[in-house]
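Please read these points with the model open beside them. They go through a few local features in turn.

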Amino acid sequence: MNNVTRITLIGLGEVGTILATDLKKQHPALDVAAFDKQTDSPVIRQRARDAGVNFALSVEDAVKNSQIIFSAVTAAESLKVADAVARHLAPGQFFLDLNSVSPHTKREAMALIEQAGGNYIDVAVMAPYPPARLKTPLLLGGTHVYAISEWLNEHGFNSNVHSNTVGEASAIKMCRSVMIKGLEALTAECLSAARQYGVEKEVLASLHASFPSLGWNAQFPHYLISRIAEHGKRRAEEMREVVKTLEDVGVAPNMSSGTVIAQQGLVDALAAKGIRYTDLEPFDWGKTVDLLMSGRTS
C-alpha cells in the first residue's frame, strides 16, 4: 500500500467530515476527495471547504484514480452507495464500508464491489467518532485486510484485523448495538417517566448505587439521551439493521424492535415541536424531557 496518493470519502456527515478533516490536516500531500449526495447543500460544501478537500459533483469524479474509498453514510444509503461506486470502480481499488449494517447487507455490498474488480473491506466502527476521531477503534474483515490495516494505522487510524471473512466484524458491531442503543432508549424512557412522577433524583441515586462506575450521578444520563436527540434518525436506521442481524440467525428482536421505535420516536417528537438539537445545547436531559412533555394532555 505504498502507492496511495488519493483517497475518497463518500458521505460528509459526522464521520466523513472528521475523516476528511483529520486526514488532510495530518497528511497535507494526500489528495482527498469527497462526495455527498447533497451536492447543492451549502452546509455540505462548507464542510468540504473547512476540511480542505476537493468536493466532487458525482460519484464517478469522486472515485476516479482513488486507491482507497471510504463509505460513511447512513444505514439506509449503504447498499445504494456500494452500487453507485461499483459502476465506476477500476480493478484493485479498495472500498472500505464503515456503515452500520447487518452482516448480510455487508455481504451484498461486497458482491457488488468485487464483481466490479474492487477489494471490499468490512469495517466495524466500535465507538463514537468524537472524541477519539481517527483513533476510534475499528475492526476489519475481508481479503487484503492486513495490507489496508497497515496503511490505516500508518496514517493515524486505530484498526485491528478480525478475520478474512466479511460480516463477522459487523456482527460484533451489530450485537454490541443491541446493548448500547438499547441502553440509550431505556434511559430516555426510564427518566422521562421518573421526571413526570417527580422521582428522577431517587431513580438516578438507585441506579448509581447499583452501577457506581457508570456515572449515573453525573453526565452519563445526559450523554445517553443526547445521542438519541442528536443522532436518533441515523441510530434508528442502524437498529433496523440490527433487527435484520438478529432475524438472520433466528433470534427474536423483541428489545431491538422497541429500540427502533424509541430512537425514532424521540427524534420525531422533537421535530413535531420544531426543536433542533442545537436548540438543546448545552444538553440537559431534564430540560429536554420538559420541552417534549410541555402542553401534553393526559
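**Notes on the predicted model**

1. In helix 11 (residues 285–293), the buried residues are Trp-285, Gly-286, Thr-288 and Val-289. They lie on the same side of helix 11 because they cover an arc of only 160° around the axis. Buried means under 20% relative accessible area, exposed over 50% and partly exposed in between (1.4 Å probe, protein chains only). Helices (H or I, at least four residues) and strands (E, at least two) are DSSP runs, numbered from the N terminus. The arc is that of the directions from the helix axis to the C-beta atoms.

2. This is a predicted model, in which local features need pLDDT of at least 70 and side-chain atom pairs count only at pLDDT 80 or more, while totals for chains, interfaces and linings use all residues. Residues are numbered from 1 along each chain as its sequence is written, and side-chain values use heavy atoms, with hydrogens and water left out.

3. The cover over the buried residues of helix 11 includes helix 7 (168–197), helix 8 (200–210), helix 9 (220–248) and helix 10 (254–272), where contact means heavy atoms within 4.5 Å. At the start of helix 11, a side-chain oxygen of Asp-284 comes to within 3.0 Å of the backbone nitrogen of Gly-286.

4. Which residues of helix 2 (residues 42–51) are buried? They are Ile-44, Ala-48 and Ala-51. These buried residues fall within an arc of 70° seen down the axis of helix 2, so they line one face of the helix. Pro-42, Arg-49 and Asp-50, on the other side of helix 2, are exposed. The buried residues pack against helix 1 (14–26) and strand 3 (54–55). Just after helix 2, Gly-52 has a positive phi of about 75°.

5. The second largest pocket holds about 210 Å³ of space. A pocket here is an open set of points on a 1 Å grid over the protein atoms alone, where a 1.4 Å probe fits, with protein on both sides within 12 Å along at least five of seven lines; lining residues have an atom within 4 Å of a point. Helix 7 gives the most to this lining, with seven residues, and helix 7 and helix 10 each supply at least two. Among the lining residues are Val-178, Leu-186, Glu-189 and Met-255.

6. Cys-175 is in helix 7. Its relative accessibility is 48%, so Cys-175 counts as partly exposed. The C-alpha atoms of Cys-175 and Val-243 are separated by 9.8 Å, with the two 68 residues apart along the chain.

Note on methods:
Polar contact = N/O pair within 3.5 Å; in protein donor to acceptor, adjacent residues only side chain to side chain. Points joined across faces, edges and corners; volume = space filled by probe spheres on them.
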